[in-house]
Amino acid sequence: MNIVVSGTLKEYPEGLSVSRLIEAENIETPMYVSVSVNDEFVKSGELDSTVLRGGDVVEFLYFMGGGRR
Amino acid sequence: MAFSNEQLERYSRHIILKEIGVKGQKRLSEGRVLIIGAGGLGAPAALYLAAAGIGVIGIADADAVDLSNLQRQVIHSTPDIGRLKVESAREKMEAINPEITVKAEPVFADSDNILDLISGYDFVIDGTDSFPAKFLINDACVIAKKPFSHAGIIRFRGQLMTCVPQEGPCYRCVFPAPPPPDAVPTCRQAGVIGAMGGVIGSLQAMEAVKFLTGAGQLLTGSMLTYDALSMEFRKIRIKARDGCEVCGKNPSITKPAGGAAPVCEGIAL
Amino acid sequence: MADYTIDAAVDITDVVCPVTFVKVKVAMDELKEGEVISVRMNDGEPVQNVPRSVKDEGHKILKLLDNGDGTYDLIVRKQGD
């Protein structure tokens with residue numbers, strides 16, 4: 001199936017969960033990334049059980065501090 | 001209020017713009033913006049807002065200028081090392097534009113002072129580095145219904161979003177809670193390219209100017225991310241979460257909590 | 001004669017670009033929609049650029065009068081607010 005990950009079209013096998021996608025995409029700080037699928041945030045407890053479908057649009061949002069010091 | 005010939009010349013490039021004009025420049029002159037953090041993000045924001053003629057600019061930070069700041073905090077200079085950042089910043093801002101009022105607040109935002117700090121301002125710029133500070137500012141601004149700009153920078157990446165409470169999502173809609181101490185890299189451990197603060201802090205100033213003048217559309221309902229290495233800007237749609245702890249239907253957070261002590265030291269949050 | 005009456009006047013012969021147009025904008029800001037302003041400007045750069053800028057802002061240019069002394073009067077009707 002094809003899904004859009006961070007704006008890029010990618011091919012992944014069917015049945016892929018969000019947590020497997022996080023692994024496959026080598027996401028830094030996987031415990032603390034916010035994931036949205038089709039503009040809806042996936043609750044952190046539901047990353048394993050959320051299965052992606054063809055055409056899904058996935059975005060990763062990272063904590064960024066920085067600035068003052 | 002009528003502009004003098006000197007003011008017309010100073011702000012001529014603004015006044016010429018259809019979206020700003022005379023009315024917009026008046027709104028800027030009557031505007032009040034608070035910048036929390038006089039560092040990598042706050043420095044360019046403060047310089048541009050001073051130059052833009054924002055009537056009152058507050059700048060809050062209890063830190064002193066350190067040699068390691070100068071790689072990116074362009075409002076401070078080498079002779080300023082050891083001085084309070086807010087004093088150093090005020091001097092530069094007043095030198096650019098003697099017509100504005102700069103309120104230097106030599107404090108770190110915390111749960112006791114945050115509501116007082118932001119009251120009386122039209123717009124808040126979060127230029128802090130620590131996650132407790134970012135959540136504190138978010139929660140206080142949502143509770144006080146104060147529009148603000150969130151931003152973060154690390155390595156070659158930056159992010160930005162504008163929150164207008166009750167009109168769109170807040171920072172907590174994206175990230176429900178701060179990460180534990182040291183769970184995610186901070187600028188001090190991971191580094192940050194100096195110009196990143198310039199890019200993102202300038203965008204924060206841009207949002208403040210747009211908010212005050214009503215020009216264009218604010219960055220609400222989206223997070224803008226910038227990757228300098230691939231030179232890509234992306235605008236990621238963000239929806240408000242019904243269950244958001246502070247801006248949702250039944251908020252569990254009804255007053256600001258948590259401190260905002262410096263965190264880049266790697267010490268306790 | 002003219003099918004308009006002048007409600008205001010501004011002289012921009014003593015300033016250079018971009019303050020020329022800025023002064024016009026400030027003067028027009030004081031007008032109500034439909035009112036007419038006469039703008040005195042120098043030949044050369046101002047007369048080339050100011051009328052175009054005024055038009056870009058959506059106002060209506062009624063006339064450009066050559067005063068014969070190196071200055072022009074641009075007659076503009078304010079549109080919109």
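B:Phe233 is partly exposed, at 45% relative accessibility. (Buried means under 20% relative accessible area, exposed over 50%, and partly exposed in between, with a 1.4 Å probe and protein chains only.) B:Tyr226 and B:Phe233 form a stacked aromatic pair, with 4.4 Å from centre to centre and 15 degrees between the planes. Rings of Phe, Tyr and Trp (its six-membered ring) pair if their centres lie within 6.5 Å; planes under 30 degrees apart count as stacked, over 60 as edge-to-face and the rest as tilted.

The model is predicted: local features need pLDDT of at least 70, side-chain atom pairs count only at pLDDT 80 or more, and totals for chains, interfaces and linings use all residues. Residues are numbered from 1 along each chain as its sequence is written, chains are lettered from A and ligands numbered from 1 in the order in which they are written, and side-chain values use heavy atoms, without hydrogens and water.

Over all chains, the structure holds 7 aromatic pairs. In one of them, the ring centres of B:Phe135 and B:Tyr171 lie 5.0 Å apart with planes at 55 degrees, so the pair is tilted. B:Phe135 belongs to helix H7 of chain B and B:Tyr171 to helix H8, 36 residues apart. Helices (H or I, at least four residues) and strands (E, at least two) are DSSP runs, numbered from the N terminus. Both B:Phe135 and B:Tyr171 are buried.

The contact between chains (heavy atoms within 4.5 Å) takes 49 residues from chain B and 20 residues from chain A. Chain B and chain A bury about 2900 Å² between them, 56% of it on carbon and sulfur atoms. Buried area is the accessible area (1.4 Å probe) that two parts lose on being put together, summed over both. The interface of chain B and chain A has 4 salt bridges. The criterion is a side-chain nitrogen of Lys or Arg within 4 Å of a carboxyl oxygen of Asp or Glu. B:Arg155 and A:Glu28 form a salt bridge at 3.1 Å, N to O.

Phi of A:Asn26 is near 55 degrees, a positive value in a residue other than glycine. A:Asn26 lies in the loop between helix H1 (18–24) and strand E3 (34–37) of chain A. A:Asn26 is exposed, with a relative accessible area of 68%. The peptide bond from C:Cys17 to C:Pro18 is cis, with omega near 5 degrees.
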